[in-house]
Amino acid sequence: MVLLEGVGSIAGHALPPWLMAAVDHLTEEYAKRLLRGQEVHRHYHRVVILEDAQVTGPMFVQAMGEVGATHTVDLLLLVHGLEGHLVGFQGREHLGAETFRALRRLRRGDPGALELRTVYGVNCFGASLAPAWLELGAQAVAGAVGVNWFPEPSLRLFLGAWTAGARFSRAVEAAYLGVQRLARVLTLGRSQTVWPAWLRSSRPVILGRRDPRLHE
């Protein structure tokens, strides 16, 4: 399952409404093209994308219940994030404590109703949500420790390694290694003030009880 909401902001900066709409549209279309280009649909029995107005707490819980009842779920979070929250539709919806309480109730009512395998997100502060995903039964979770300055090429590199058969942790690590290499190229190997801070902030934390592969 994919949560997809670009919102239209860039690193928290306020943009004119027309520019926010353009950024929102372009980032979401890019993400969908990337999923097709990586042939993600070929590797899964079903790919569900919740986009824009669908990225709310109630709609996410409903979709997780419907899909999780019949499928093991890998969750891809292509949204913005805050400490302890995912940012949903137009930045007004926050998927936080209330959403996770609803998911826990769903799982308590029927443990088989939500089979969550992996959670990978490009959202900022993704690591802050790792305990909540693990409590919901996720086998492996990865998220940035702070602001994620490199949603790309992280997403492309992760999907490339994951669909090629790498274990989850290796795919996450390969994506971050690629980001570090890109930073060195962009700075011509020189130490810059901003890049180390951005890299530290974007570093993924990987937690879980298993380290699955896509086709296991």
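I started with the second largest pocket, which holds about 400 Å³ of space. For my own record, a pocket is an open set of points on a 1 Å grid over the protein atoms alone, where a 1.4 Å probe fits and protein lies on both sides within 12 Å along at least five of seven lines. Points are joined across faces, edges and corners, and the volume is the space filled by probe spheres set on them.

This is a predicted model: local features need pLDDT of at least 70 and side-chain atom pairs count only at pLDDT 80 or more, while totals for chains, interfaces and linings use all residues. Residues are numbered from 1 along each chain as its sequence is written, and side-chain values use heavy atoms, with hydrogens and water left out.

Next, the lining (residues with an atom within 4 Å of a point). I get 26 residues, with Met 1, Tyr 44, Arg 46, Val 73 and Asp 74 nearest the centre of the second largest pocket. Helix 2 (40-43), strand 3 (72-82), strand 6 (115-121) and helix 6 (151-163) each give two or more residues to this lining. Strand 3 gives the most, 5 residues. Helices here are DSSP runs of H or I, at least four residues, and strands are runs of E, at least two.

Then I checked His 43, which lies in helix 2. Buried or exposed? His 43 is buried, at 16% relative accessible area; the cut-off for buried is under 20% (1.4 Å probe, protein chains only).

Last, confidence: mean pLDDT (the predictor's confidence in each residue, 0 to 100) is 87 for the chain.

Technical notes:
Buried < 20%, exposed > 50% of the residue type's maximum accessible area, 1.4 Å probe, protein only.
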